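Student: Could we go through this structure together? I would like to take the helices and then the cores.

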Amino acid sequence: MGSRFPSHQLSNGLYVSGRPEQPKEKTPIISSVAMPYTGGDIKKSGELGKMFDIPLEGSRSRKSGPINNAPSRTGSFGGATSHSGQLNSVGRASVSAGSIPGSGSMKKTNSGPLNKHGEPIKKSSGPQGGGTVTSRQNSGPLPPVLPTTGLITSGPITSGPLNSSGAQRKASGPLESKSSIKIHSASILNNQAVTHLSLDDEYSFRKSFPKLILWAIILLFVMGFIAGGFILAAVRNPILLVVVVILFAAVVAVFMWNSFWGRNAISGFIASYPDTELRSAKDGQFVKVSGVVTCGNFPLESSFQKVPRCVYASTSLYEYRGWDSKAANPTHRRFTWGLRTLERHVVDFYISDFQSGLRALVKAGGGARVTPYVDETVVVDINPSNKDMSPEFIRWLGQHGLSSDGRMMRLKEGYIKEGSSVSVMGVVQRNENVLMIVPPSESFSTGCQWTKCILPASLEGIVLGCEDSSKIDVIPV
């Protein structure tokens with residue numbers, strides 16, 4: 001076709017005027033095989049579908065070179081794959097194919113195909129046998145089975161075997177090593193947020209009774225006995241001596257009654273003391289608040305039973321001393337139970353008032369003065385005949401550097417865990433929007449309880465009262 005104007009023929013057969021466009025230089029592509037448009041269907045993805053044994057819909061895969069006597073590659077991901085790389089932020093991964101015997105060398109690199117779940121394909125490598133479907137040989141050890149949650153996290157998945165539900169299987173053995181016990185104990189002892197209580201912080205009638213009054217009573221009875229003895233020797237009249245003896249016996253009986261039942265009387269006084277609503281409490285007012293406990297920044301754990309999230313924990317070991325037994329402490333008398341070791345700690349915690357629902361911070365930690373009235377329960381009772389029946393107790397003795405030596409022992413433990421109902425007595429302090437209960441500057445007297453023959457007792461610091469936590473239900477918080 002001749003013409004003055006230059007023309008050229010398009011690929012569809014039409015003739016157009018003008019000179020043909022010079023072909024532009026194409027940027028080199030990494031893959032030698034073009035990825036077909038899948039439209040979101042993995043069955044149309046060619047080689048990607050073959051890797052997952054998915055039949056193709058009327059399309060055959062292209063090959064970059066002739067392959068003699070070799071069937072199409074299938075079942076390449078039939079076995080387990082090994083993780084030989086990392087997933088980046090956009091979720092792409094490179095897939096490298098192995099060599100096929102009986103054919104030319106072929107390498108293929110894709111730009112990140114996805115499987116039917118939208119997840120990137122993990123890299124795998126290894127030879128494939130020609131003509132048969134075999135499981136892929138991996139270049140590393142088999143990975144551990146992921147938990148059922150499917151989450152991918154950094155670091156090891158678990159430090160032990162998993163059960164059918166994906167959770168870590170519990171193994172029998174010692175609860176904690178001796179080194180971990182020492183570290184935990186050292187962290188409690190060296191933490192300034194923890195208040196360490198001793199026997200001096202516990203109620204004692206001898207300590208609470210005024211020393212001046214006690215010495216005055218002793219002096220009065222000494223003078224009475226001297227006068228009664230002098231009258232008896234001079235005029236043979238024993239009336240004064242008999243009266244002094246009766247009064248002395250009565251005073252001794254009252255003192256012994258208060259020594260044995262004084263603690264129970266104080267617990268009854270705390271329970272009967274009227275509660276104060278935090279909403280109407282004034283700054284500097286001495287109050288009693290009853291409510292539910294919530295842990296603060298540093299929760300405790302009981303020493304023997306390992307009860308978590310406690311605000312108060314006490315563990316005491318007692319020993320019985322016979323005629324020829326060793327004493328548990330310097331003041332331990334024969335045929336009595338004596339305290340050998342005591343661990344008692346308390347920290348700051350929150351209490352939610354039952355009446356108003358307000359929450360206050362109880363400043364019991366940091367070395368504050370606290371008087372606890374928390375019941376303890378006997379958790380272990382050991383004698384020489386059954387000392388091997390509690391291996392946990394023997395382990396606990398070894399962790400604390402104690403020995404049994406065939407003694408009669410009794411371990412008691414008391415605690416206040418999160419959700420327990422407690423009663424707190426202290427002074428209200430309002431600091432801007434923070435409501436706190438702090439220790440009072442002076443001791444608080446309970447007064448005489450004439451119906452129970454209980455003498456006045458002084459309560460110092462924050463008074464913390466709670467029944468046996470192991471026998472009552474806690475409120476979930």
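Tutor: In helix H4, Leu 214, Ile 217, Phe 221, Gly 224, Phe 225, Ala 227, Gly 228, Gly 229, Ile 231 and Leu 232 meet Leu 240, Leu 241, Val 244, Val 245, Leu 247, Phe 248, Val 251 and Phe 255 of H5. Contact means heavy atoms within 4.5 Å. Helices (H or I, at least four residues) and strands (E, at least two) are DSSP runs, numbered from the N terminus.

Student: How do the residues of that contact divide into nonpolar, polar and charged?

Tutor: The contact of H4 with H5 holds 15 nonpolar residues, three polar and no charged. Here Ala, Val, Leu, Ile, Met, Phe, Trp, Tyr, Cys and Pro count as nonpolar, Asp, Glu, Lys and Arg as charged, and the others, Gly among them, as polar.

Student: Before we go on, where does the model come from, and how is it numbered?

Tutor: This is a predicted model, in which local features need pLDDT of at least 70 and side-chain atom pairs count only at pLDDT 80 or more, while totals for chains, interfaces and linings use all residues. Residues are numbered from 1 along each chain as its sequence is written, and side-chain values use heavy atoms, with hydrogens and water left out.

Student: At what angle do H4 and H5 pack?

Tutor: H4 (residues 211-235) and H5 (residues 239-272) pack at about 155°, and their axes are 8 Å apart. That angle makes H4 roughly antiparallel to H5, a term for angles over 145 degrees, whereas under 35 is roughly parallel, 65 to 115 roughly perpendicular and the rest oblique. Axes are lines fitted to C-alpha atoms, for helices over the stretch in contact, and angles run from 0 to 180 degrees between N-to-C directions.

Student: Changing topic, how many helices and strands are there?

Tutor: The protein has six helices and 16 strands. Of its 477 residues, 32% are buried, meaning under 20% relative accessible area, with exposed over 50% and partly exposed in between (1.4 Å probe, protein chains only).

Student: Which residues have the most contacts inside the largest nonpolar core?

Tutor: They are Tyr 312, Phe 349, Ile 351, Val 362, Ile 416, Val 424 and Leu 464, in a core of 26 residues. A nonpolar core is a set of buried Ala, Val, Leu, Ile, Met, Phe, Trp, Tyr and Cys residues joined through side-chain atoms within 4.5 Å. Among the strands that each supply at least two residues of this core are S4 (286-295) and S5 (310-321). S4 gives the most, with four residues. A second, separate core has 11 residues, including Tyr 203 and Met 425.

Student: What does Thr 371 touch?

Tutor: Leaving aside residues up to four places away in sequence, Thr 371 touches Asp 201, Glu 460, Ile 462, Val 463 and Leu 464. Thr 371 is in strand S9, and counts as buried because its relative accessibility is 5%. Thr 371 and Asp 201 are 170 residues apart in sequence, yet 5.7 Å apart in space, C-alpha to C-alpha.

Student: And Arg 309, is it buried, partly exposed or exposed, and where is its place?

Tutor: Arg 309 is in the loop between S4 and S5, and counts as partly exposed because its relative accessibility is 40%. Its phi is near 50°, a positive value in a residue other than glycine.
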